[in-house]
Amino acid sequence: MGLLMAAALAHSIVPVADIPVPEGDPCALFERRTGVSSGAAISVDDLVELADIGRSDPNETASPFGISPDGRQIAFLVRRGNAQTNSYCQKLMVMPTDGTGTPTEVARDAMFIRDDFALRTFAAMPAGWARVIVPRWSPDGKSIAWLRQADGISQVWMADPGGSARPRQLTASADNIDDFAWTPDGRGIIMATRPGLRRAAEAIAAGARRGYLYDEAVSPQFGVRPIPTGTMARSYTRADVVSGQVSDAGQDEIALLSPPPPADAPEGARLFTPGPAGVSAWLERKDPQRFISPSRLVLRRDGKEVRCDSAQCEGILRLWWSEPERAFIAVRKGGWGMSAMGILRWDPDESAPHEIMASDDMLIGCSPVGAELICAREGAVTPRRLVALDLRSGAERLIHDPNPGFARRAKGEVQRFRFRNAYGVESYADLVLPPDHRAGEKHPLVVVQYISHGLLRGGSGDEVPILPLAARGFAVLSFAKPDLVPEVASARDSTELLRANRVDWLDRRNVQSSLEIAVSLALGTGTVDRERMGITGWSDGVSSTQFALINSELFKVAALGSCCEDLYSYVLEAGPAYSAFTRSIGYKFLEPGDEEFWRPMSLILNVDRVSTPILIQNADTEYEGGLDVVEVFRRNNRAIELHVFENETHYKWQPAHRRTVYGRNVRWLEFWLMHRKTCDGDAATQAELARWQAMPGAPSPEGLVCAPPP
């Protein structure tokens, strides 16, 4: 029997055991807790178990809460990760908007609903982040509808806001319900689904016996089956609230979910918002010829249009007419390097809007209620909470804090650096010091990338625990990737923009310039040991890390959440569609001139220059993209280690995996930068330590000290 045949037969009989699903209520763990010790350090478990309302990242999304028709109550879903059960505790809560009393639990479950998104030509790819579940009140305020899974499919469920009756499943759709709305009379629910996804998947499965053609519909990282491509049209149906009977939705009902553009909205207007007596406001592009154009705010009154061209009117995310205030209200993202948020108010009798509130905090999913704006708000060391902001003064009123103990935890000083890089691009970064830092002390530095706003949690991808690292004695530099250089930002279309960014790796040089300045500013505080600096990265941050390891000598260790952008596996793993896309924007793969193109970026071509120890913790859907780097580094006796997490996506979603990634990153960075080891770990942790000690360049066993307990 040939070796290849023997290997194939062996593979076919490898025993595989299913991972047991832990039983029990994942919320019970949190209900047994008696409180939080004041002044205790923030741990890895604190971040894993943080209570979230909406997505865990602080980017603008659909509003993660619902306001009752009378404005007196707010409904929201609170989600907490439980690493012990590797599931989530999710509770639908209702409380008064005035912040009095405690929330009432209306329903609970452990069924985490993952979002999906279109990726290149692929119609819908599963994401690792949570779908934003918006509770929707019935017109009479007597019921709440929300999305909850049943048998793996998102369905509409109904609940009593007082929590006195058991929730009931209203729909039994064959397809995930993407969105829904109440009919004005409260008798029906209008639903949007994409049955084309299911039909396309069924057609693909039916072709399994013929063998799958390897073409643009296949991406090896996601498996051998082709993936549904193209745009999947929405289907709209109506479910009777009492009987659950489903029928086709009428045009007026479809408009509840997909409203037509207002008849008096100018062509190209965004966020068109009517006010009283012909007054209206909207956004328009300042330069319609540019692919990425700043916008301006336009006010129409008495048939005349007034434009706000100042930077203050750029970056608007939401726009409303506030009837009680008789003014337009806007939430915007702006400030230095787009690092802050603010609220604008434009009274129709004024010539320009004015800012009533500005902060480095993030505001998410804001909704007007009377003379206030209710938002989910979070800051650098303050987790998300629900607040009401006064529409005249900007003053804040707390409605609900789902993490009340976090404020009592010990947190170090956070200092924000604002600067321009060598290309003139505004940049910023946050330096976090240990809670017990004393004047004159110097700490090892860890760089975390590549977005730094809202709660300093785990960087992009949420894999490197910033505050727990600071509690362990590190200075942590949360580094924000700079915006495009001016000549790239003026591109007329996406291809032109991406090609310009690829010329001589301009995007990476732009990031490297900001990174080096940020590190220099951190060193200038006198709190950082320049001989003990490490860098971490995930997604785009991995590419920035590669470039930094090759083109500077700043960092002694690296920890990556994915890997890598390099010569061979990177394009082969992603498949023909991605190969065509990357070549169209200037990449070279497996062709003459490819090594010259890749020289500034490739770890493979620079293996002789890069001796930095590298830890990789990757998802099973993308680890193959870095196997060429791992193989070359191993063959050249470099310190590298790869871990693969099963049933994961680019953004890892399982609480047990997040806890492991957090913990291993902490141990890896402590081992190389602090010469610490875990002396009381389990067998797997001791085996890990033995592997690391055997790596080239590792500290001697005699030089290692036991790490303090977390």
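In this predicted model, Arg-136 lies over the face of Phe-180, 5.3 Å from the ring centre. A charge is taken to sit over a ring if NZ of Lys or CZ of Arg is within 6 Å of the ring centre and within 35 degrees of the ring normal. The model is predicted, and local features need pLDDT of at least 70, side-chain atom pairs count only at pLDDT 80 or more, and totals for chains, interfaces and linings use all residues. Residues are numbered from 1 along each chain as its sequence is written, and side-chain values use heavy atoms, with hydrogens and water left out.

Aromatic pairs number 23 in the structure; rings of Phe, Tyr and Trp (its six-membered ring) pair if their centres lie within 6.5 Å, and planes under 30 degrees apart count as stacked, over 60 as edge-to-face and the rest as tilted. Trp-129 and Tyr-651 form an edge-to-face pair, with 6.3 Å centre to centre and 75 degrees between the planes. Because Trp-129 belongs to strand β7 (residues 122-130) and Tyr-651 to the loop between β35 (640-645) and α15 (655-673), this pair ties together parts that are 522 residues apart in sequence. Trp-129 is partly exposed, at a relative accessible area of 22%, whereas Tyr-651 is buried, at 11%; buried denotes under 20% relative accessible area, exposed over 50%, and partly exposed in between (1.4 Å probe, protein chains only).

Another edge-to-face pair is formed by Trp-668 and Trp-692, with 5.1 Å centre to centre and 80 degrees between the planes. Here the link runs between helix α15, which holds Trp-668, and helix α16 (residues 683-693), which holds Trp-692, the two residues being 24 apart. Both Trp-668 and Trp-692 are buried.

The secondary structure of the chain consists of 16 helices and 37 strands, where helices (H or I, at least four residues) and strands (E, at least two) are DSSP runs numbered from the N terminus. Of the 710 residues in the chain, 53% are buried. The C-alpha atoms fill a box of roughly 75 × 65 × 60 Å along the principal axes. Among contacts between residues at least 6 apart in sequence, 59% join residues at least 24 apart, contact meaning heavy atoms within 4.5 Å.
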